[in-house]
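Student: Please show me the structure, and let me ask about it piece by piece.

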Amino acid sequence: MTDSSRYIAFEGIEGSGKSTVTRRVADALRANGEQVVTVREPGGTAVGEMLRDVILGGDADPAIETEAALFAAARAELVATVVRPALEDGSWVLSDRTAYSSLAYQAYGRGLDVDAVRTLNDIAIGGLWPGRVVLLRVDHSTGLDRQRVEDRIGAETAEFHARVAKGFDELAAADPDRFIVIDASAPLESVIEVAIDRVVP
Ligand code: TYD
């Protein structure tokens, strides 16, 4: 079985600073001589980038079940061809979003059954869930104010984003050993410092 202890998810609503924090934690690990692969979801593979355009592009308006299946398909490709081989090679894998985003957005946000979305993703990733999840927690109105690029899902209603934020909180509360919850309404440099402190051995 692949060891997932070096597979770290960075999660949160739009505007939580995930991408910057992911990059800075990767820099800190590399400075310690660790091998690090960073990925983002959806995307990170040729198939995944094509699906990303379909999912987020805005030309199509897929059914919520289709949306969940497309995210899971992009993720399946990424985990099979990038994440699992990297972990087996001894690398860290830092992922800007993972299956936990599908639980928060497609289940809590869109209203699909949480266990069904969990099972769909468990199949897609062959059971390889991230060992730790860094949840960058911001109030959803702060997050939406900070966000710069609007995609089809980012443009959803404030109520939708509030359900997503609550979903992340519930997932974290149910799984305290896996989740590292950080108050991301603090200044970005202090958020980065806490994340590095919690993740880098
Ligand atoms: P992205 O451009 O990666 O922006 P960010 O992560 O900075 O918000 O957009 C991804 C969008 O897709 C975002 O609105 C969250 C959404 N999403 C889901 O709904 N489900 C998922 O499984 C994933 C990975 C993302």
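Here are the questions and answers, taken in turn.

Tutor: This is a predicted model, where local features need pLDDT of at least 70 and side-chain atom pairs count only at pLDDT 80 or more, while totals for chains, interfaces and linings use all residues. Residues are numbered from 1 along each chain as its sequence is written, and side-chain values use heavy atoms, with hydrogens and water left out.

Student: Which residues of helix H2 are buried?

Tutor: Helices are DSSP runs of H or I with at least four residues, strands are runs of E with at least two, and both are numbered from the N terminus. Buried means under 20% relative accessible area, exposed over 50%, and partly exposed in between (1.4 Å probe, protein chains only). In H2, residues 46–56, the buried ones are Gly48, Leu51, Ile55 and Leu56.

Student: Why do the buried residues of H2 line one face of the helix?

Tutor: An α-helix has 3.6 residues a turn, so residues three or four places apart point the same way. The arc is taken from the directions between the helix axis and the C-beta atoms. Seen down the axis of H2, the buried residues line one face because they fall within an arc of 110 degrees.

Student: Which residues of H2 are exposed on the other side, and which helix do its buried residues pack against?

Tutor: The other side of H2 has Ala46, Met50 and Asp53 exposed. For packing, contact means heavy atoms within 4.5 Å. The buried residues of H2 pack against helix H3 (64–88).

Student: How many aromatic pairs are there?

Tutor: A pair of aromatic rings is described by the distance of the centres and the angle of the planes. Rings of Phe, Tyr and Trp (its six-membered ring) pair if their centres lie within 6.5 Å; planes under 30 degrees apart are stacked, over 60 edge-to-face, and the rest tilted. By this rule the count is four.

Student: What is the angle between the planes of tyrosine 100 and tryptophan 129?

Tutor: Tyrosine 100 is in helix H4 (residues 99–109) and tryptophan 129 is in the loop between helix H5 (114–124) and strand S4 (132–137), so the pair ties together parts 29 residues apart in sequence. Tyrosine 100 is buried at 3% relative accessible area, and tryptophan 129 is buried at 12%. The two rings sit 5.3 Å apart, centre to centre, in an edge-to-face pair with a plane angle of 65 degrees.

Student: Why is the pair of tyrosine 105 and phenylalanine 160 called tilted?

Tutor: Tyrosine 105 is buried, and so is phenylalanine 160. Their ring centres are 6.1 Å apart. The pair is tilted because the planes stand at 50 degrees.

Student: What is the distance from an oxygen atom of the ligand to an N or O atom in the side chain of arginine 97?

Tutor: A polar contact is a pair of N or O atoms within 3.5 Å; within protein, one must be able to donate a hydrogen and the other to accept it, and residues adjacent in sequence count only if both atoms are side-chain atoms. A polar side-chain atom of glutamate 14 lies 2.6 Å from a ligand oxygen. For lysine 18 the distance is 2.8 Å. For arginine 97 it is 2.7 Å.

Student: What percentage of the ligand's area does the protein bury?

Tutor: Accessible areas come from the Shrake-Rupley method with a 1.4 Å probe; for residues, only the protein chains shown count as cover. Taken alone, the ligand exposes 540 Å². The protein buries 88% of that.

Student: What is the phi of arginine 97?

Tutor: Most residues other than glycine have a negative phi, and most peptide bonds are trans. Arginine 97 is in the loop between strand S3 (92–96) and H4. Arginine 97 is not a glycine, yet its phi is positive, at about 80 degrees.

Student: Which peptide bond is cis?

Tutor: Look at the loop between S2 and H2, where proline 42 is placed. The cis bond has omega near -10 degrees and runs from glutamate 41 to proline 42.
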